[in-house]
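Please examine the sequence and the model together. The paragraphs that follow lead from one site to the next.

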Amino acid sequence: ADFVWGLGTAAYQIEGGWNATNRSPSIWDVFSHTKGAVAGGDTGDVADDVIHRWRDDIALMSELGLKHYRFSLSWSRMMSWDG
């Protein structure tokens with residue numbers, strides 16, 4: 001198969017909207033909100049905010065001529081852990 005260039009992203013680094021869509025806290029939310037766990041106290045609460053800006057992001061990818069995009073979604077956004 002031929003090599004194909006594309007773009008890849010990971011949920012926690014881009015999603016943002018930590019409390020949008022009734023999302024449960026993920027292990028990364030808990031970890032990053034633990035005092036002293038992350039340099040500077042940074043969290044993914046806002047990140048790149050793709051949860052609110054996805055239309056603009058897709059338009060930008062189209063404008064750039066991007067043909068291949070791999071992304072992930074947070075399990076805590078798709079499933080409830082409330083038993």
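Ser74 counts as buried, because its relative accessibility is 12% and the term applies under 20%. This structure is a predicted model, and in it Ser74 occupies the loop between strand 2 (69–70) and helix 4 (75–78). Leaving aside residues up to four places away in sequence, Ser74 touches Ala11, Glu15, Arg23 and Ser26.

The aromatic residues come next. The structure holds four aromatic pairs. One of them joins Tyr12 and Trp28, whose rings lie 6.2 Å apart, centre to centre, with 35° between the planes. Together with Phe31, Tyr12 and Trp28 form one aromatic cluster.

Tyr69 and Phe71 also form an aromatic pair, in this case a stacked one, with 5.5 Å from centre to centre and 20° between the planes. Tyr69 is partly exposed, with a relative accessible area of 32%. Phe71 is likewise in the partly exposed class, at 47% relative accessibility.

What space lies in the largest pocket? The volume is about 240 Å³. Of the 13 residues that line this pocket, Val50, Trp54, Tyr69, Phe71 and Leu73 are the closest to its centre. Both members of the stacked pair, Tyr69 and Phe71, are thus named among these central lining residues. Helix 3 gives the most to the lining, contributing six residues. By class, the lining comprises nine nonpolar, one polar and three charged residues.

Is Asp48 buried, exposed or partly exposed? Asp48 is partly exposed, because its relative accessible area is 48% and the exposed class begins over 50%. Its contacts, not counting residues up to four places away in sequence, are Gln13, Ile14 and Arg53. Asp48 also leads back to the aromatic cluster through Tyr12: the two residues are 36 residues apart in sequence, and their C-alpha atoms are 9.4 Å apart in space.

Conventions:
Residues are numbered from 1 along each chain as its sequence is written. This is a predicted model: local features need pLDDT of at least 70, side-chain atom pairs count only at pLDDT 80 or more; totals for chains, interfaces and linings use all residues. Side-chain values use heavy atoms; hydrogens and water are left out. Buried means under 20% relative accessible area, exposed over 50%, partly exposed in between (1.4 Å probe, protein chains only). Contact means heavy atoms within 4.5 Å. On a 1 Å grid over the protein atoms alone, a cavity is a set of points where a 1.4 Å probe fits but cannot get out, and a pocket is an open set with protein on both sides within 12 Å along at least five of seven lines; lining residues have an atom within 4 Å of a point. Grid points are joined across faces, edges and corners, and a volume is the space filled by probe spheres set on the points. Helices (H or I, at least four residues) and strands (E, at least two) are DSSP runs, numbered from the N terminus. Ala, Val, Leu, Ile, Met, Phe, Trp, Tyr, Cys and Pro count as nonpolar, Asp, Glu, Lys and Arg as charged, and the others, Gly among them, as polar. Rings of Phe, Tyr and Trp (its six-membered ring) pair if their centres lie within 6.5 Å; planes under 30 degrees apart count as stacked, over 60 as edge-to-face and the rest as tilted.
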